Amino acid sequence: MTRFLDLPVDLLLDNLIPLLRLPDLLSLTSTCKFFYVIGEDDIFWKRKLKEDYNFDGKGTARNSGWKFIYRGLRNPQIYVWGNPGNGRLGLGDIDRDPVPSPRRLRIKGSSVVDLVAGGWSFHALDSAGSIYAWGQLQDGFAGTNEGFSAPSKKTDTPIKLEFPNELRVISLRCSRSFALAMDQNHQIWTFMSWGRPYRLTSDSLSPDNARIVQIECGWNFGAVLTDEGQVLIWWPESGAFGEALEESTRLFDSQIAENDAMRCKAVNGVVKCMPWDLNLGPVSLPRLPNSLPPLRPIPNDDALKLVKIAAGENFIIGLTNAGHVLTIGLDDEGLRPSGSWEYLPNFCDGTKVRENGAFAEQNVPVPENIQITHISAHFRDFVAYSPGSSSIVLLSPHGEAAHTTANVHARIIGGLQNRSVISVHLGDYHYGALTSDGKLLTWGQFSTGALGLGDPAQLPVGAPGGYATEEEKANAVNSSWRFFNPPNVETPSEVKFGNGKNKYCFAAAAGGWHFGALVIDLEPGNEEEVEPPIHSDSDRHQDGRRAGRHLGILPHGPQAANPTPIAPPLMPGFGHFRIGFAGRGRGRGGPNGRGRGA
């Protein structure tokens with residue numbers, strides 16, 4: 001009879017173990033060394049995060065630590081800071097002073113797994129696929145009798161946007177004044193107001209014609225990337241899309257007198273959305289140029305194509321599966337006269353990057369093997385970066401992203417290099433970088449507290465985010481409005497959460513003059529015993545959430561400071577074992593390849 005231990009590892013990890021209830025899985029991993037190592041497989045926990053918590057980490061360069069994130073998502077915490085105007089921090093009707101340090105925001109009964117920021121708002125995606133929002137989607141005024149059919153309707157606390165038929169959202173992005181969502185059926189929804197989102201039903205976006213792998217928001221346009229590397233964009237507020245929006249608004253508003261529900265007011269913190277369909281085709285951007293030089297082998301011998309995009313004010317940045325970084329400029333309703341992608345070798349070609357004199361000027365070592373794997377963009381800035389302990393972060397010149405050409409060199413910040421950066425977040429004039437060990441580093445302008453480094457009037461003179469001299473500090477303290485700007489922070493500096501308690505940041509978002517982050521506790525006893533909502537009738541999912549607390553939290557101490565290597569030391573006599581490649585399952589322990597107790 002074939003025993004469980006004798007089965008192929010891939011069969012166990014991909015087909016059988018996912019069927020186990022989490023308590024049973026944890027019991028199995030305690031039976032022998034082999035199943036202990038199987039229980040640490042990163043690919044398995046990454047998949048389980050997606051299935052149980054709607055979290056895939058695609059917005060970062062994270063490539064390990066998925067089990068640690070899984071146990072932390074039982075009770076993630078939201079922190080916000082910066083300008084409280086427009087209700088954008090969601091903290092209630094607080095005073096108008098900036099919030100220069102992270103402040104906890106609570107959304108009862110929700111386990112938030114992603115956070116995005118707009119010009120005057122935040123949007124959050126939870127593990128059930130529900131969307132929460134706060135602030136104002138668009139700046140302006142809406143009367144007290146208006147509901148969230150009005151784009152400028154403000155909410156000082158988070159509201160839940162409820163779709164008919166309980167559609168589950170898997171991806172969320174936000175521009176300055178609108179938001180995009182992709183549901184589990186890969187349908188694209190555009191929120192020009194929080195109460196009346198529309199679904200794009202164009203043939204070019206149907207699952208039969210294209211599989212969408214990424215949604216993205218520019219300053220005033222939406223974009224999607226297909227699995228074939230095609231980019232499609234549209235401008236929701238202008239041209240044919242703007243006209244369709246106006247007509248839809250007139251039709252909805254004409255029914256308000258007979259049906260006040262058309263106003264989409266919030267009832268007990270929930271807005272019942274009134275969705276509609278828009279059958280207009282986005283603009284297809286040109287294919288890649290044929291003259292791109294080889295940078296690195298393409299995985300699986302696939303064709304050269306775009307695999308990631310990022311968008312700002314009238315430009316898109318693209319990244320290919322061979323590591324090329326390119327840009328294309330846009331007008332409000334079409335391409336610029338050049339109308340083609342332009343290759344940026346100074347942001348991806350290792351030889352060109354090493355020629356950047358800023359590395360030598362700042363005494364920063366340049367890695368021999370430079371492979372750009374991620375990009376970000378916002379407003380007039382963009383960044384290209386790579387993961388790992390020798391990570392490299394290349395920023396566009398200030399405010400010149402739309403005009404970047406092949407001859408422009410990247411801007412180098414020494415404090416970001418070789419820091420294991422896994423994501424970079426760009427606000428209007430403030431910036432942040434998240435590292436693999438859960439630290440959030442910020443730099444740039446004070447932006448009414450958006451750096452999150454603390455009250456400059458309380459910080460020591462010369463500290464990051466503080467004033468440069470005692471005289472400046474004294475003048476600030478004695479002024480009627482003490483928060484006049486301290487000097488810009490040039491060196492990325494760590495944001496502290498929860499009064500300095502041991503926290504781990506796993507996601508962040510910047511926009512406007514505000515910042516937000518999702519963090520989890522590293523110390524036992526700090527976390528609140530709040531049971532995440534059950535998102536499925538499946539016993540497996542229920543048991544998984546109940547047993548999630550038994551996965552434990554990392555202990556305080558050296559291990560807690562760098563939680564990414566989540567597996568504790570292997571048992572004596574069990575050699576180094578790497579999971580997640582062709583050798584999965586090699587070395588099952590014992591002279592006959594069997595672990596004790598299997």
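1. Contacts first: residues 24 or more positions apart account for 61% of the contacts in the protein with a separation of 6 or more, a contact being heavy atoms within 4.5 Å. Bear in mind that this is a predicted model, where local features need pLDDT of at least 70 and side-chain atom pairs count only at pLDDT 80 or more, while totals for chains, interfaces and linings use all residues. Residues are numbered from 1 along each chain as its sequence is written, and side-chain values use heavy atoms, with hydrogens and water left out.

2. On the overall make-up, the protein comes to 11 helices and 31 strands. Those are DSSP runs numbered from the N terminus (helices: H or I, at least four residues; strands: E, at least two). Of its 598 residues, 57% count as buried; the classes are buried under 20% relative accessible area, exposed over 50% and partly exposed in between, using a 1.4 Å probe and protein chains only. The accessible surface is about 25,400 Å², with 48% of that belonging to carbon and sulfur atoms. Those areas come from the Shrake-Rupley method with a 1.4 Å probe, and for residues only the protein chains shown count as cover.

3. Now a sheet to look at. Six strands make an open one, with mixed pairing, in the order β3-β4-β5-β6-β15-β14. At its edges sit β3 (112-117) and β14 (266-267), each pairing on one side only. Two strands are taken to pair if DSSP finds at least two bridges between them. Inside this sheet, β5 (residues 131-136) and β6 (residues 154-162) run antiparallel over five bridges, and G135 stands opposite T155 in β6.

4. Strand β7 (residues 169-174) is mostly covered, five of its six residues being buried.

5. One of the pairs is F163 with W189, edge-to-face at 5.1 Å centre to centre and 75° between the planes. F163 lies in the loop between β6 and β7 and W189 in strand β9 (residues 188-191), so the pair ties together parts that are 26 residues apart in sequence. Both partners are covered: F163 is buried at 8% relative accessible area, and W189 counts as buried at 4%. Elsewhere, ring pairs link Y79, W81, F497 and F515 into a cluster.

6. What does S376 touch, leaving aside its neighbours within four places in sequence? The contacts are A310, F382, V383, Y385, V424 and L426. S376 lies in strand β23 (residues 374-378) and is buried, with 12% relative accessible area. A polar atom of its side chain is 3.1 Å from the backbone oxygen of V424. For reference, a polar contact is a pair of N or O atoms within 3.5 Å; within protein, one must be able to donate a hydrogen and the other to accept it, and residues adjacent in sequence count only if both atoms are side-chain atoms.

7. On cysteines: the structure holds zero disulfides, a disulfide being a pair of cysteine sulfur atoms within 2.5 Å. C264 is in no disulfide, and its nearest cysteine sulfur, that of C273, is 6.8 Å away. C264 is buried, with a relative accessible area of 1%, and C273 counts as buried at 6%.

8. N268 has a positive phi of about 55° although it is not a glycine. This residue is in the loop between β14 and β15 (270-272), and at 79% relative accessibility N268 counts as exposed. N363 also has a positive phi of about 55° without being a glycine. You will find N363 in the loop between α8 (358-361) and β23, where it counts as exposed at 69% relative accessibility.

How values were computed. Rings of Phe, Tyr and Trp (its six-membered ring) pair if their centres lie within 6.5 Å; planes under 30 degrees apart count as stacked, over 60 as edge-to-face and the rest as tilted.
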